[in-house]
Amino acid sequence: MNKILIVEDEKNMVTGLKFNLEARDYSVIAAYDGEAGYRMAIDEKPDLVLLDLMLPKLNGYEVCKLLKKEMPDLPIIMLTAKSQEAEIVTGLELGADDYITKPFSVLELLARIRALSRRVKKGTEEEGVHRFGNLEINVKKYYARKKGEPIKLLPREYELLRLFIERQGEIISREELLKKIWGYDSFPDTRTVDAHIAKLRRKIEDRPEEPKLIITVHGIGYKFL
Ligand code: CA
């Protein structure tokens, strides 16, 4: 978390922030309007963005919305004026991770940056987590949630999902699933696979009769998404 992009049209503000952040070993880049800020974020891939709300060309909301679409993991702290406090909610709804109200002290800003860095670090430690709509699966720690509620999956169902996720979009034949998940010497019957898939669908699909995650490819096998 060392490279910080400041998107702010008040030049004095940028100069002050840059000076203070660089003094603490952050590397700082700056853009003075929303459009340039958006492009700089895409090109330079900063670790964090300080984003002013009222900006020429694209305002802070629009930049935030665009960036969260392109780079969902990029942490954004909104810089807002006291009078804009009512609008902060909008910023947070658009995906901003935090906000700070002007005028703020450098120490307060640094504390926010550090807190956000810790949160982001924790997030990337969530290795093995996959999200598909309202479904969350951790194929390493063996837990799954649907609409936030834990669901019970059998070890073999995790293995199936792990294989499907690894090869998302690819058609996997029943024979291959049988071989990889059940092993050579168990029931040599592809109907076993179909029965297990049907059961798994009842657990993870919104409407098992119209599956959107595990798709049947007739005469061949299955495809995930
Ligand atoms: Ca401004």
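**Exercise 1. Describe the surface and overall form of the chain in this predicted model.**

Solution. Begin with the surface: the accessible surface of the chain comes to about 12,700 Å², and carbon and sulfur atoms account for 52% of that area. Next, take the share of residues that are covered, where buried residues make up 43% of the 225 residues. The secondary structure consists of eight helices and 12 strands. The radius of gyration is 24 Å, well over the 17 Å that the globule rule gives for 225 residues, so the chain is more spread out than a compact globule. Along the principal axes, the C-alpha atoms fill a box of roughly 75 × 30 × 30 Å. Finally, among contacts between residues at least 6 apart in sequence, 53% join residues at least 24 apart.

**Exercise 2. Identify the protein donors of the calcium ion, and decide whether Asp-52 and Met-54 are buried or exposed.**

Solution. The first step is to list the donors, which are Asp-9 and Asp-52, each through OD, and Met-54 through O, lying 2.1 to 2.3 Å from the calcium ion. Read along the chain, these donors follow the spacing D-x42-D-x1-M. The second step is to apply the accessibility cut-offs, under 20% for buried and over 50% for exposed. Asp-52 has a relative accessibility of 3% and therefore counts as buried, whereas Met-54, at 52%, counts as exposed.

**Exercise 3. Work out which elements supply the largest nonpolar core, and which residues Ile-204 touches.**

Solution. The largest nonpolar core has 26 residues, and those with the most contacts inside it are Phe-164, Ile-204 and Ile-214. At least two residues of this core come from each of strand 7 (135-138), helix 6, helix 7, helix 8 and strand 12, and helix 6 gives the most, with six residues. Turning to Ile-204, and leaving aside residues up to four places away in sequence, one finds that Ile-204 touches Leu-135, Lys-146, Ile-151, Leu-153, Leu-161, Leu-213 and Ile-214.

**Exercise 4. Trace the buried residues of helix 7, the elements they pack against, and the residue that follows the helix.**

Solution. Helix 7 spans residues 174-182, and its buried residues are Arg-174, Glu-176, Leu-177, Leu-178, Ile-181 and Trp-182. After helix 7 comes Gly-183, which has a positive phi, near 90°.

Note on methods. Residues numbered from 1 in each chain as written. Predicted model: local features only at pLDDT ≥ 70, side-chain atom pairs only at ≥ 80, totals over all residues. Heavy atoms only, no water. Buried < 20%, exposed > 50% of the residue type's maximum accessible area, 1.4 Å probe, protein only. Helix = DSSP H or I, 4+ residues; strand = E, 2+ residues; numbered from the N terminus. Contact = heavy atoms within 4.5 Å. Core = buried A, V, L, I, M, F, W, Y, C linked by side-chain atoms within 4.5 Å. Donors = N, O, S within 2.8 Å, 3.2 Å for Na, K, Ca; no water. Rg over C-alpha atoms; globule rule 2.2 N^0.38 Å. Areas by Shrake-Rupley, 256 points an atom, 1.4 Å probe, with all protein chains shown as cover.
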